[in-house]
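Hi,

Here is the structure I said I would pass on.

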Amino acid sequence: MADDHTQVQDFFTARAADWDSRFPDDGPAYEAAADFLSLRPGDAVLDAGCGTGRVLPALRAAVGPQGTVLAVDLTSAMLNAAVRAGRDREGTLLLADVARLPLRSRVLDAVFAAGLVSHLSHPGPDLAELARVVRPGGRLALFHPVGRAALAARHGRRITDDDLRAEDNLRPLLARSGWRLDEYTDEDERFLALAVRTP
């Protein structure tokens with residue numbers, strides 16, 4: 001697992017400084033995805049694998065000043081970039097592994113996770129850890145600002161049958177991890193899987 005973490009940290013550390021400028025048009029997509037969590041004023045939400053924290057302003061706007069916005073990432077360079085962008089004013093940034101969150105059980109109303117699934121060392125247990133910290137009925141949004149085919153094309157690859165984000169793979173994976181997949185969208189301009197924490 002340490003090797004997996006090192007690879008993820010190395011990948012994102014090298015890209016943190018110019019991450020936002022590489023994808024300058026993604027902001028509205030993040031805002032729209034945050035809306036799907038149906039957050040209410042006073043709710044508690046986590047941005048898991050927050051990177052530079054692009055969704056934090058939208059999450060803060062949704063939960064209001066009385067709500068709680070937490071953001072965790074494994075890569076300190078990404079969190080530093082979030083601070084430089086002023087997004088630490090929207091929530092609490094934590095250097096942490098989503099596989100071992102420093103949170104009590106059932107304290108959150110929702111989790112937002114952009115681009116996270118493909119970087120998880122152990123997707124089943126890691127998604128179960130996200131479920132642990134969410135109350136029953138709480139929501140999970142797995143998001144990417146482009147769909148699977150568009151993302152694969154961007155990297156010169158094709159999508160494969162073993163892609164964890166394929167609906168036929170993701171639905172049972174989430175079910176085994178304490179989630180029920182309720183909505184699934186995979187189109188060129190957005191990937192969004194919405195799940196509900198089961199009792």
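This is a predicted model: local features need pLDDT of at least 70, side-chain atom pairs count only at pLDDT 80 or more; totals for chains, interfaces and linings use all residues.

Seven strands make up an open sheet with mixed pairing, and the order across it is β3-β2-β1-β4-β5-β7-β6. The edge positions go to β3 (92-95) and β6; each has a single partner strand, so one side of each has no neighbour in the sheet. From one strand to the next, the twist averages 15°.

Helix α5 (residues 76-84) lies across β2 and β3, and runs at about 165° to β3. Then there is α8, which packs on the sheet and touches β5, β6 and β7, with its direction at about 160° to that of β6.

Now zoom in on β4, since a lot of my notes come back to this strand. How many residues of β4 are buried? Seven of the seven are, so the strand is largely enclosed by the rest of the structure. On one side, β4 is joined to β1 by three bridges, and these two strands run parallel; Asp47 has Phe112 in β4 as its bridge partner. β4 also pairs with β5, again in the parallel sense, over six bridges. In that pairing, Leu108 stands opposite Val134 in β5.

β4, α6 and β5 together make a right-handed β-α-β unit. Helix α6 contains Pro125. Is Pro125 buried or exposed? Its relative accessibility is 55%, and anything over 50% counts as exposed, so Pro125 falls in the exposed class.

On to the core. The largest nonpolar core has 30 residues, and the ones with the most contacts inside it are Leu46, Leu108, Leu130, Leu140, Leu142, Leu174 and Trp179. Elements giving two or more residues to this core include β1 (44-48), β4, α6 (123-132), β5 (134-144) and α8 (167-176).

Last, the rings. Searching the whole structure turns up four aromatic pairs. One of them is Tyr30 with Phe112, a tilted pair with 6.2 Å centre to centre and 45° between the planes. This pair links distant parts of the chain, with Tyr30 in helix α3 (residues 27-35) and Phe112 in strand β4 (residues 108-114), 82 residues apart. Tyr30 is buried at a relative accessible area of 8%, and Phe112 is buried too, at 0%. Another pair is Tyr184 with Phe191: the ring centres are 5.5 Å apart and the planes are at 90°, so this one is edge-to-face. Phe191 counts as buried, with 4% relative accessibility. Finally, ring pairs link Tyr30, Phe112 and Phe143 into a cluster.

Cheers

Conventions: Residues are numbered from 1 along each chain as its sequence is written. Side-chain values use heavy atoms; hydrogens and water are left out. Rings of Phe, Tyr and Trp (its six-membered ring) pair if their centres lie within 6.5 Å; planes under 30 degrees apart count as stacked, over 60 as edge-to-face and the rest as tilted. Helices (H or I, at least four residues) and strands (E, at least two) are DSSP runs, numbered from the N terminus. Buried means under 20% relative accessible area, exposed over 50%, partly exposed in between (1.4 Å probe, protein chains only). A nonpolar core is a set of buried Ala, Val, Leu, Ile, Met, Phe, Trp, Tyr and Cys residues joined through side-chain atoms within 4.5 Å. Two strands pair if DSSP finds at least two bridges between them. A crossover is right-handed if, with the strands pointing away from the viewer, the path from the first strand over the helix to the second runs clockwise. Axes are lines fitted to C-alpha atoms, for helices over the stretch in contact, and angles run from 0 to 180 degrees between N-to-C directions. Contact means heavy atoms within 4.5 Å.
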